[in-house]
Amino acid sequence: MRDPYEVLGVPRGASAAAIKSAYRKLAKKHHPDSNKNDPKAAARFSEINSANEIVGDAEKRKQFDRGEIDAEGKPRFQGFPGGGFPGGGGPRGRAGPGGFETHTFRTGDAGASGFGGGGFEDILNSMFGAAAARGARPGGGGAFEFDPGTIALDLDLSVSMTVSLEESVKGVEKRVRLPTGKELDVKIPAGVQAGQQIRLKGQGDTAPGHRPGDLLITVNIAPHAFFKVEGSDLRLDLPITLYEAVLGGKVRVPTLGSAVELSIPKNTSSGRTFRLKGKGLPKAGGAGDLFVTTRIMLPDGNDAELETLMQKWRDAHPYNPRSDLT
């Protein structure tokens with residue numbers, strides 16, 4: 001994935017507000033529902049959501065800026081203290097929890113192991129005593145080998161995947177890249193929740209003499225451009241005009257399905273909330289609700305005619321909506 005700052009088109013020193021604004025503009029522009037004839041829109045929208053998940057989160061942004069995680073949110077291996085594995089070499093290994101690696105040590109004398117000195121057995125003996133060679137084969141001539149039957153290898157692989165809110169509701173098939181470089185097409189079931197983990201048997205790492213590990217996929221749901229999730233309910237701020245608030249009327253309201261019409265009563269104040277039953281997220285036995293809160297929006301720029309009208313109206317009909325606050 002590209003650098004998340006580059007994806008959102010903001011500099012590394014951008015403020016949180018600038019990042020949020022850039023994300024909203026891009027999410028609105030590239031939303032699949034607004035680009036139904038563009039087969040690449042969904043991929044761009046997913047990339048935008050993934051970028052915002054990194055730099056739109058204060059803690060993840062710090063980790064990314066410090067180089068602790070990559071553009072996909074995966075930990076970067078920082079290396080062993082002192083600059084790599086002893087002796088400059090290193091056995092086969094892979095990243096584990098916390099950025100550490102799990103390694104498989106194999107048979108070898110001092111030259112084959114790349115450890116120098118008396119070999120790996122000597123290193124263990126110097127650290128733990130003779131008991132460290134418990135797994136050594138007798139008569140090995142100083143060479144040391146772990147008995148693979150006594151070591152439990154962690155061959156599971158863990159990756160994260162980000163889906164949009166719409167994809168989490170309807171289900172989606174997406175391609176995921178494993179740490180091994182392998183790519184898989186994964187079906188995300190409808191109704192998946194944030195933080196839910198999907199296990200794919202036998203799709204993890206492999207090692208001779210051991211059954212393949214599993215692939216563990218943690219699903220993240222990207223923030224939506226205008227819906228806020230509260231359990232199985234959704235919330236939406238709905239901009240309305242001054243004349244719609246005063247005169248009332250019907251306005252179109254987006255949902256996770258098709259848009260619906262909402263009747264705005266006359267004299268509706270900004271901040272009034274309407275409930276659209278069953279228009280939220282699926283849940284056991286039905287669906288949550290969509291709560292729509294009106295926000296009165298004035299036209300951009302100065303409007304002399306509107307200002308004159310409001311001055312006349314103010315002089316003829318004065319009122320104080322803040323009387324209860326004094």
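The questions and answers below go through a predicted model and the reasons behind its labels.

User: What does the predicted model contain overall?
Analyst: The protein has nine helices and 15 strands. Of its 326 residues, 31% count as buried. Among contacts between residues at least 6 apart in sequence, 46% join residues at least 24 apart.

User: Why is Asn-267 called exposed?
Analyst: Its relative accessible area is 66%. Exposed means over 50%. Asn-267 therefore counts as exposed.

User: Where is Asn-267 found, and what is its phi?
Analyst: Asn-267 is in the loop between β11 (260-264) and β12 (273-276). Its phi is near 60 degrees, a positive value. Most residues other than glycine have a negative phi.

User: Why is Pro-265 called partly exposed?
Analyst: Pro-265 has 30% relative accessibility. Buried means under 20% and exposed over 50%, with partly exposed in between. The value of 30% falls in between, so Pro-265 counts as partly exposed. Pro-265 also lies in the loop between β11 and β12.

User: Which residues does Pro-265 touch, beyond those up to four places away in sequence?
Analyst: Pro-265 touches Glu-244, Ala-245, Gly-248, Arg-272 and Phe-274. A contact needs heavy atoms within 4.5 Å. For Glu-244, the C-alpha to C-alpha distance to Pro-265 is 8.6 Å, and the two are 21 residues apart in sequence.

User: What makes β8 and β12 edge strands?
Analyst: They belong to an open sheet of four strands in the order β8-β9-β15-β12, with mixed pairing. β8 (227-230) and β12 each pair on one side only, which makes them the edge strands. The twist averages 25 degrees from one strand to the next.

User: How do you know that β9 and β15 pair?
Analyst: Pairing takes at least two bridges. Seven bridges join β9 (residues 233-240) to β15 (residues 290-296). The two strands therefore pair, and they run parallel. Ile-240 stands opposite Ile-296 in β15. Pro-239 stands opposite Arg-295 in β15.

User: What makes β12 and β15 a pair?
Analyst: Four bridges join them. At least two are needed, so β12 and β15 pair. They run antiparallel. Phe-274 has Val-292 in β15 as its bridge partner. Phe-274 is also one of the residues that Pro-265 touches.

User: Why is β15 called largely enclosed?
Analyst: Five of its seven residues are buried. Buried means under 20% relative accessible area. β15 is therefore largely enclosed by the rest of the structure.

User: How do you know that the charged end of Arg-235 sits over the ring of Phe-291?
Analyst: The charged end of Arg-235 is 4.8 Å from the centre of the Phe-291 ring. The cut-off is 6 Å, together with a limit of 35 degrees from the ring normal. The distance is within its limit, and the charge is listed as sitting over the ring.

User: Why is the pair of Trp-313 and Tyr-319 called edge-to-face?
Analyst: A search of the whole structure finds three aromatic pairs. Trp-313 and Tyr-319 form one that is 6.1 Å centre to centre, with 90 degrees between the planes. Ring centres must lie within 6.5 Å, and planes over 60 degrees apart count as edge-to-face.

User: Are Trp-313 and Tyr-319 partly exposed or exposed, and why?
Analyst: Trp-313 has 42% relative accessibility, so it counts as partly exposed. Tyr-319 has a relative accessible area of 63%, so it is exposed.

User: What makes β3 and β6 edge strands?
Analyst: An open sheet of three strands has the order β3-β7-β6, with mixed pairing. β3 (157-163) and β6 (197-200) each pair on one side only, and are the edge strands. The twist averages 25 degrees from one strand to the next.

User: How do β3 and β6 pair with β7, and what shows it?
Analyst: β3 and β7 pair in the parallel sense over seven bridges. Val-159 stands opposite Ile-217 in β7. β6 and β7 (residues 215-221) pair in the antiparallel sense over four bridges. Arg-199 stands opposite Leu-216, and Leu-200 stands opposite Leu-215.

User: Why is β7 called largely enclosed?
Analyst: Five of the seven residues of β7 are buried, so the rest of the structure largely encloses this strand.

Notes:
Residues are numbered from 1 along each chain as its sequence is written. This is a predicted model: local features need pLDDT of at least 70, side-chain atom pairs count only at pLDDT 80 or more; totals for chains, interfaces and linings use all residues. Side-chain values use heavy atoms; hydrogens and water are left out. Buried means under 20% relative accessible area, exposed over 50%, partly exposed in between (1.4 Å probe, protein chains only). Axes are lines fitted to C-alpha atoms, for helices over the stretch in contact, and angles run from 0 to 180 degrees between N-to-C directions. Rings of Phe, Tyr and Trp (its six-membered ring) pair if their centres lie within 6.5 Å; planes under 30 degrees apart count as stacked, over 60 as edge-to-face and the rest as tilted.
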